[in-house]
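Biologist: I have a structure open on my screen. Can you show me how to read its helices and its ligand site?

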Amino acid sequence: MKTLSLRSPAKLNLFLKVLHKRKDGYHSLETLFERIDLCDHIQLTGNQEGVIRIFCDHPDVPLDSRNLVYRAVKLVQEEFGLTDGIDIQITKRIPVAAGLGGGSSNAATTLWGVNRLWSLHMTRKKLLALARKIGSDVSFFIHNCSWAEGRGRGDQIKRFIIPARLWHIVVVPALKVYSQEIFAAWHNEELTKPGDDVKIFIRFLRKNNLSAMERLLRNDLERAIVRRHPQLLSLKQNIAHLVQKPVIFSGSGPALFALAPTRREAHGLKEALAKNGYQTFIVRTL
Ligand code: C5P
């Protein structure tokens with residue numbers, strides 16, 4: 001049986017503005033996605049039994065239809081009327097339900113993977129149409145790029161070719177947060193100041209102007225996140241104090257991150273955080 005081994009990267013949202021709540025219940029966003037080098041690994045192997053089997057080394061990852069990779073394969077099977085089965089082995093490194101897009105990335109990687117494994121010749125447009133049915137963040141990962149602006153519910157992607165490669169420290173609190181509960185806790189009055197705009201952020205990114213980017217880091221979901229999980233506010237403040245830098249949540253949280261000018265500086269920050277018992281990763285744009 002043919003086997004494919006694929007990398008499945010995480011993301012950060014360096015800028016996330018919520019524009020309004022839509023009639024369909026989703027929220028209209030303006031966000032900047034960064035692909036980072038914190039990756040899961042996915043191995044796909046066809047099976048004769050015609051079933052979808054998921055194996056994972058992480059106890060919190062569901063192995064049934066709740067897993068987005070299952071939904072990805074099911075959609076493809078339905079679309080092409082296939083009865084071929086598949087074994088999906090996920091080696092999990094991206095923290096689960098942390099705002100780092102791990103599940104969405106796994107689904108996008110699986111879509112790409114079965115497209116190759118089963119020689120389906122789906123175009124990117126077709127893959128994007130399936131991705132949207134799985135989740136809002138899946139589209140970004142289908143695009144396979146380092147930087148992109150997300151609009152709509154986060155699924156309307158505009159890629160950017162920008163040479164900047166940033167270092168970050170990412171702190172992952174021991175808590176799972178689900179985007180649905182955070183968006184449900186978001187209120188209209190939490191709209192950002194009208195002057196701010198993802199385009200300004202991208203301009204500074206092109207110039208690699210770190211201090212300007214640090215000033216513009218924002219996440220409009222923060223109030224909703226801390227309203228649902230009040231302990232995250234003091235945690236965020238404590239981390240910002242330890243690193244002496246602006247810190248924000250990624251996506252719907254609870255992962256928090258800061259920019260670091262160099263790998264060396266990121267290591268220094270990690271040491272300070274590890275001493276205080278925080279689970280910290282050093283990551284870079286991928
Ligand atoms: O698209 P996805 O399935 O990842 O979204 C999970 C939940 O998060 C949605 O059911 C919706 O409640 C909320 N959401 C939202 N607006 C977005 C993205 C997600 O309200 N732009």
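Predicted model: local features only at pLDDT ≥ 70, side-chain atom pairs only at ≥ 80, totals over all residues.

Biologist: How many residues does helix H10 have, and how far does H10 reach?

Modeller: Helix H10 runs over residues 263–275, which is 13 residues. From first C-alpha to last, H10 reaches 18 Å. That is close to the 18 Å expected at 1.5 Å a residue.

Biologist: Which residues of H10 are buried?

Modeller: Start with the general idea. An α-helix has 3.6 residues a turn, so residues three or four places apart point the same way. Now the case here. Ala-266, Leu-269 and Leu-273 are buried in H10. Seen down the axis, the buried residues of H10 fall within an arc of 65°, so they line one face of the helix.

Biologist: Which exposed residues does the face turned away from the buried side of H10 carry?

Modeller: That face carries Arg-264, Glu-271 and Lys-275. Exposed here means over 50% relative accessible area, and buried means under 20%.

Biologist: What covers the buried residues of H10?

Modeller: The cover includes strands S7 (167–171), S10 (256–260) and S11 (280–284). Helix H9 (231–243) is also part of the cover. Look just after H10 as well: Gly-277 takes a positive phi of about 85° there.

Biologist: Let me try the other helix. Which residues of H9 are buried?

Modeller: They are Leu-232, Leu-235, Lys-236, Ile-239 and Val-243. H9 has 13 residues and reaches 19 Å, close to the 18 Å expected.

Biologist: What covers that buried side, and what comes just after H9?

Modeller: The cover of the buried residues of H9 includes S7, S10 and H10. It also includes helix H8 (222–228) and strand S9 (248–249). Just after H9, Gln-244 takes a positive phi of about 55°.

Biologist: Now the ligand. Which residues are around the ligand?

Modeller: Among them are Gly-25, Tyr-26, His-27, Ser-136, Arg-153 and Phe-183. Next, look for polar atoms. A polar side-chain atom of His-27 lies 2.7 Å from an oxygen atom of the ligand. For Ser-136, a polar side-chain atom lies 2.5 Å from a ligand oxygen atom. Arg-153 uses its backbone: a polar backbone atom there is 2.9 Å from a nitrogen atom of the ligand.

Biologist: How much of the ligand's accessible area does the protein cover?

Modeller: On its own, the ligand has 450 Å² of accessible area. The protein covers 76% of that.

Terms used. Residues numbered from 1 in each chain as written. Heavy atoms only, no water. Helix = DSSP H or I, 4+ residues; strand = E, 2+ residues; numbered from the N terminus. Expected span 1.5 Å × (residues − 1). Buried < 20%, exposed > 50% of the residue type's maximum accessible area, 1.4 Å probe, protein only. Arc of directions from axis to C-beta. Contact = heavy atoms within 4.5 Å. Near = heavy atom within 4 Å. Polar contact = N/O pair within 3.5 Å; in protein donor to acceptor, adjacent residues only side chain to side chain. Areas by Shrake-Rupley, 256 points an atom, 1.4 Å probe, with all protein chains shown as cover.
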